[in-house]
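Let's take a walk through a protein model together, one piece at a time. Have the picture open and follow along as we go.

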Amino acid sequence: MSSLFLLPKTSLPFLFFRCRCSVTRLNSITARTMSSQSSQRIFQLRQDPLTGNSEWIVIEDNDQTGVDGLLATTSYLDMLNDSRRNRAYRLAIEKTITEPCHVLDIGAGTGLLSMMAARAMGEEEEEESGDSKGIVTACESYLPMVKLMRKVLHKNKMTKNINLINKRSDELRVGLDIASRADVLVSEILDSELLGEGLIPSLQHAHDILLVDNPKTVPYRATTYCQLVESTFLCNMHDLRNNEAKTSDGVRLLPPGLESLFGIKSQQYSMHVDAIEKEIKLLSEPVKVFEFDFWKRPESNGELEVHIETIAAGSVHAIISWWVLQLDSEGTIFYSTAPRWIDSNSEIGVRDWCDHWKQCVWFTPGAGVSISKGEKVNLHAAHTCTNILYNLKKTQILTHDTIHSPSSTKDLHLTLPPERVAIYGESIYRQSMFEATRNALQGKPYPQCLVIDDSLLLPLMALHISKKSRVISLSPGLQENAVRYLEAIADSNGFSKDRFEYFRKGKAKLAEEYPNKIDLLIGEPYYYGLESGLPWQNLRFWKDRTLLDSVLSEGAVVMPYKGVLRGCAMYLPDLWKSRCCLGSVEGFDHALVNTTLGGCGDLPSGKDSPCLPFLIWQCGESKKLSKEFTVMEFDFSKPITGPCSGEVQIEFIKPGVCHGIALWMDWVIDEKNSTVISTGPDERYWKQGIKLLGKPVTVRVEGPSSMGIQASLDLSSNGELIITHTVSVS
């Protein structure tokens with residue numbers, strides 16, 4: 001739910017103007033304009049993932065159209081389907097609010113907590129009599145959600161005693177927006193790390209301006225925990241230096257002595273660690289780290305030393321963390337995001353799979369910290385307003401200065417997501433790309449190479465393989481950071497800087513300056529910033545290749561040669577449950593939000609759920625029910641000529657319940673089809689697109705059981721994939 005700094009938890013194609021923890025960095029004039037007009041309209045930045053171009057769209061308060069597309073890719077629906085969360089909040093609110101009072105709900109979302117608070121005060125019964133003394137102030141900054149909440153309140157006849165204000169909580173003023181300070185605070189402004197949605201500054205402002213002294217709060221307290229682990233999989237997601245030392249291609253993304261030029265962000269990385277439980281060796285018991293009390297004003301920064309005795313020998317590759325909410329002051333109602341291997345007491349229990357809160361991983365440097373069983377190690381933990389940071393040392397106690405040294409990225413020329421770091425350290429991937437690039441360069445004495453995506457690997461490989469090659473890079477996402485990085489590692493990789501050019505002038509100017517001069521147009525394809533998008537959005541490569549057709553010389557090679565949209569019918573019960581349509585949520589009708597929030601299942605006629613990006617292997621229980629099949633093929637050797645379409649009949653090979661179709665891209669690197677890079681469900685570093693069915697289908701294999709899929713993709717617009725299906729089961 002949105003808070004002081006937050007707008008919806010969302011993925012591409014929408015980039016929000018006010019986004020997590022960045023409000024304070026906005027241009028002051030723009031920020032004031034947004035604030036002064038927040039009750040009438042908002043301006044939202046929308047990005048076309050197939051071009052990288054952005055445009056501002058205006059959302060008016062009285063405009064009821066266009067909201068569905070903005071909220072369908074958020075995690076609100078998953079959150080509302082988390083029955084354990086909903087029940088814990090209801091019980092705590094009913095226990096805390098026992099008489100009419102003033103309640104403040106920060107980040108109200110659909111209004112669920114506000115309605116719980118109003119009901120706890122008996123406002124439903126008092127609404128007709130007009131005898132009410134209690135009031136709920138619901139603060140929600142994101143206009144599309146405000147519009148949806150109004151409908152939910154009206155549907156549940158809860159409009160009279162809930163005052164909905166379309167502002168950030170730090171914009172509220174006593175005497176202007178609210179009559180008096182609130183007696184009770186209810187809120188859910190938590191992310192997987194706990195602090196990333198602005199919990200601390202929201203609480204600080206609320207205690208300073210909006211709440212009475214010693215207020216009641218739900219939740220009452222949050223406690224963070226962590227555990228030391230060994231995991232080769234997690235190590236591979238950050239230790240590029242040691243992984244690429246095992247490769248034989250001669251290219252070094254991290255040359256010795258230049259490791260600070262490149263890395264992952266020093267921050268918590270959220271993921272479902274239960275999915276790799278069998279690949280994790282526990283090296284310590286869980287340890288408590290920080291406590292944050294909601295009922296008092298928190299400090300902006302804090303640090304402490306945690307002394308840990310190890311329970312096994314190994315290398316500490318990562319620190320896994322989670323949090324536990326105590327929702328009531330007596331300590332009887334809890335909610336936990338702990339991994340399933342943690343022994344939870346009966347009050348907490350093990351929650352169902354859900355995607356809105358995961359565990360977090362903090363990567364230790366390099367190949368990890370070696371420890372022996374029974375060894376005592378020091379974990380220095382620090383928190384800022386929005387992050388929790390760790391530093392692990394075996395022998396020395398760290399100071400305030402040393403804790404922040406490894407956490408700073410100011411010396412790095414660029415940072416990449418952990419999955420991309422893992423891909424670049426994978427020997428098979430690098431060997432495939434190296435051989436394909438070498439074959440493409442054969443017979444070209446002075447090749448001009450154009451890299452049109454954000455690949456760091458391919459420019460280096462082209463320069464390394466052909467000593468007379470020249471590389472031009474567009475780097476549309478990494479931009480100047482990529483240039484500084486590649487120039488810095490030029491000597492270590494054996495090429496002079498004049499053989500590499502970052503083209504800043506745009507595609508139109510490139511076509512003017514290099515007509516018929518490019519011998520090799522290449523990409524992985526990888527576009528920085530699209531990692532959380534749908535797989536086919538990387539067809540931006542084809543769109544860019546089409547725009548640059550005039551730069552290709554006679555006999556030029558385009559690599560990859562072809563893209564293939566592949567699919568598979570899937571059993572996905574946990575994902576389905578988290579995205580299915582809502583009915584009553586703790587006694588409040590939420591059916592009207594289903595279309596807007598992208599629900600699957602019981603939707604009105606003509607409505608359909610969206611394709612959403614997920615790492616299938618992290619989606620709880622899953623199983624393939626059909627053979628993998630091809631939906632569409634895209635020939636990159638030719639420009640785009642029009643919309644693409646495909647049709648396939650799926651034959652099931654396993655019995656079960658089909659909840660949806662997994663879709664992904666396979667990249668055929670060369671014309672001979674000898675090298676194919678798959679991004680399917682078995683590949684853990686790429687997201688797949690999931691199209692959940694309108695209704696789960698029970699299938700069998702001993703008799704006729706099939707499903708027809710029709711798909712269309714128009715790359716002249718925003719690349720929306722339209723999928724329809726027919727089912728034949730008998």
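Start at helix H8 (residues 199–210), which is mostly covered: 10 of its 12 residues are buried. Buried here means under 20% relative accessible area, exposed means over 50%, and partly exposed is anything in between, using a 1.4 Å probe and protein chains only. Helices (H or I, at least four residues) and strands (E, at least two) are DSSP runs, numbered from the N terminus. Among the buried residues of H8 are Leu-199, Ile-200, Pro-201 and Leu-210. What do the buried residues of H8 pack against? They pack against strand S3 (102–106), strand S6 (182–187), strand S7 (211–218), S12 and strand S19 (376–383). Contact means heavy atoms within 4.5 Å.

Before going on, a word about what you're looking at. This is a predicted model, in which local features need pLDDT of at least 70 and side-chain atom pairs count only at pLDDT 80 or more, while totals for chains, interfaces and linings use all residues. Residues are numbered from 1 along each chain as its sequence is written, and side-chain values use heavy atoms, with hydrogens and water left out.

Some of those strands belong to a sheet. Strands of a sheet pair through backbone hydrogen bonds, either parallel or antiparallel. Two strands count as paired if DSSP finds at least two bridges between them. Look for an open sheet of 5 strands in the order S5-S4-S3-S6-S7, with parallel pairing. Strand S5 (162–165) and S7 stand at the edges with a single partner strand each, so one side of each has no neighbour in the sheet. On average, neighbouring strands of this sheet are turned by 25 degrees against each other, direction ignored. S6 and S7 pair in the parallel sense over 4 bridges, and Ala-182 stands opposite Leu-211 in S7.

Helices lie across this sheet too. Helix H4 (residues 83–96) lies across S6 and S7, at about 140 degrees to S7. Helix H5 (residues 112–120) lies across S3, strand S4 (135–139), S5 and S6, and runs at about 175 degrees to S4. For these angles, axes are lines fitted to C-alpha atoms (for helices, over the stretch in contact), and the angles run from 0 to 180 degrees between N-to-C directions.

Next, find strand S8 (residues 221–230). Because 8 of its 10 residues are buried, S8 is largely enclosed by the rest of the structure. S8 runs antiparallel to strand S15 (residues 318–326), joined to it by 9 bridges, with Leu-228 opposite Ile-319 in S15. S8 also pairs in the antiparallel sense with strand S12 (residues 287–293), over 5 bridges; there, Thr-223 stands opposite Glu-291. Then there's strand S11 (residues 281–282), which pairs with S8 in the antiparallel sense over 2 bridges.

Strand S25 (residues 518–522) and strand S26 (residues 552–559) pair in the parallel sense over 4 bridges. The chain gets from S25 to S26 through helix H17 (residues 540–547), and this β-α-β crossover is right-handed. In other words, with the strands pointing away from the viewer, the path from the first strand over the helix to the second runs clockwise.

What about the inside? The largest nonpolar core has 118 residues, and those with the most contacts inside it include Leu-234, Trp-536 and Phe-634. A second, separate core of 90 residues includes Met-116, Val-184, Leu-228 and Val-585. A nonpolar core is a set of buried Ala, Val, Leu, Ile, Met, Phe, Trp, Tyr and Cys residues joined through side-chain atoms within 4.5 Å.

Finally, compare two loop residues. Is Asp-602 buried or exposed? Asp-602 is exposed, with a relative accessible area of 68%, and sits in the loop between strand S29 (588–589) and strand S30 (612–614). Lys-358, in the loop between strand S16 (334–336) and strand S17 (359–363), is buried, with a relative accessible area of 19%.
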